[in-house]
Amino acid sequence: MILDATDRQLINLYQRELPVCERPYEEMSRQLGIGEEDVIERLQSLQEQQVLSRVGPVFEHSKAGASLLAAVAAPDDQIDLVAAQINCAPGVNHNYAREHTYNLWFVMTAADEDTLQERLDELEHQLALPMLRLPMIEGYHIDLSFDIDWEALP
Amino acid sequence: MTLPAVSTRNDYLFTTEAISAWGLLRLREQLEDGLPLTPRPYQTLAERVGLTEQEVMSAISQWQQQGLIKRLGLVVKHRTLGYQANAMVVWNVPDHRVCELGKALAAVPFVTLCYQRPRRLPDWPYNLFCMIHGVTRERVLQQLASLIEDHQLQETTHAVLFSSKAYLQRGGRYVSHC
């Protein structure tokens, strides 16, 4: 994925502190030296290309509700099927295959702890696979908005 | 107006007393999908949830101050950009050292996430997690080797779980029905 200098600068400048004012994209466009319409088109295009998942707030999970990292060990030949079942479960927002006996790792969120546990119980029952439930005890670094090392990218 | 029943967990929803609680709940739901890409996104949100543009902006600012919103900005999909080698490194650290080590690893520039989670014995002996987002596996493994060296982790049991596929990546849904 090759991005031009303006797209890179857009990402460098606005992973945090997006302006809260009537016309935020207009304010961003002045920083970037391009037009407001251009900023909006670029953001649309970056979302379509899956470079951005969205423009917007990241909620602090401990204040927004309940959230939990869980893992299951799916049989290798059924991993896509199990992953699809997990994706369909309510509240699942991340789901990755990882190289381990526990090969599917996902994050589930809910409005409160009880709802979350009920949903996990139901999913565990549906999958018929034992589930590792790993709530966060302490976060030392939980913000994934690091500076992109453009030179290192392919 | 009758306020919807809420748990104590959502108390901060109502700190802006003058604003409709229902409107704020709907605003949170809308925000989980991100800001609209319209010239006046806060006005667009306001129209969708029955608040004014000013109310939407002040609610968002307040949520930022309170820490409910930890950042407002572009959420990057690192894998698309070329960060194809994402390793979750998990360690079995003595409980009395987990905090100190967690803070130390969190300060390493290439460690992108770091947290403590419970062990689940016998299957899962690891209690400290850190993530390294890298472009190549070789580079990530080099970084891990330097981490082990710098923090004297040679004797600490660990496992490296590279992600091989992303099935789903989107924002957390706390309010939305999903």
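Modeller: Happy to! The domain bounds I use come from an automatic or database domain assignment, and do keep in mind that the model is predicted. For chain B, that assignment gives domain 1 (8-66) and domain 2 (78-162). The C-alpha centres of these two domains of chain B are 37 Å apart.

Now to the contact itself. Chain A brings 68 residues to it, and chain B brings 63. On the side of chain A that touches chain B, the element giving the most is strand β1 (residues 52-59) of chain A, with eight residues. By class, this side of chain A is made up of 36 nonpolar, 19 polar and 13 charged residues.

Follow β1(A) across to the other chain and you will meet strand β1 (residues 69-76) of chain B: the two run antiparallel and are joined by seven bridges.

Helix α2 (residues 24-32) and helix α3 (residues 36-48) of chain A pack with their axes 8 Å apart, at an angle of about 100°. Angles of 65 to 115 degrees count as roughly perpendicular, so α2(A) and α3(A) are roughly perpendicular to each other. From α2(A), the contact uses A:Tyr25, A:Glu26, A:Met28, A:Ser29 and A:Leu32, while α3(A) supplies A:Glu36, A:Asp38, A:Val39 and A:Ile40. Sorted by class, the contact of α2(A) with α3(A) has five nonpolar, one polar and three charged residues.

How values were computed. Residues are numbered from 1 along each chain as its sequence is written. Chains are lettered from A and ligands numbered from 1 in the order in which they are written. This is a predicted model: local features need pLDDT of at least 70, side-chain atom pairs count only at pLDDT 80 or more; totals for chains, interfaces and linings use all residues. Two residues are in contact if their C-beta atoms, placed from the backbone, lie within 7 Å. Helices (H or I, at least four residues) and strands (E, at least two) are DSSP runs, numbered from the N terminus. Ala, Val, Leu, Ile, Met, Phe, Trp, Tyr, Cys and Pro count as nonpolar, Asp, Glu, Lys and Arg as charged, and the others, Gly among them, as polar. Two strands pair if DSSP finds at least two bridges between them. Axes are lines fitted to C-alpha atoms, for helices over the stretch in contact, and angles run from 0 to 180 degrees between N-to-C directions. Angles under 35 degrees count as roughly parallel, over 145 as roughly antiparallel, 65 to 115 as roughly perpendicular and the rest as oblique.
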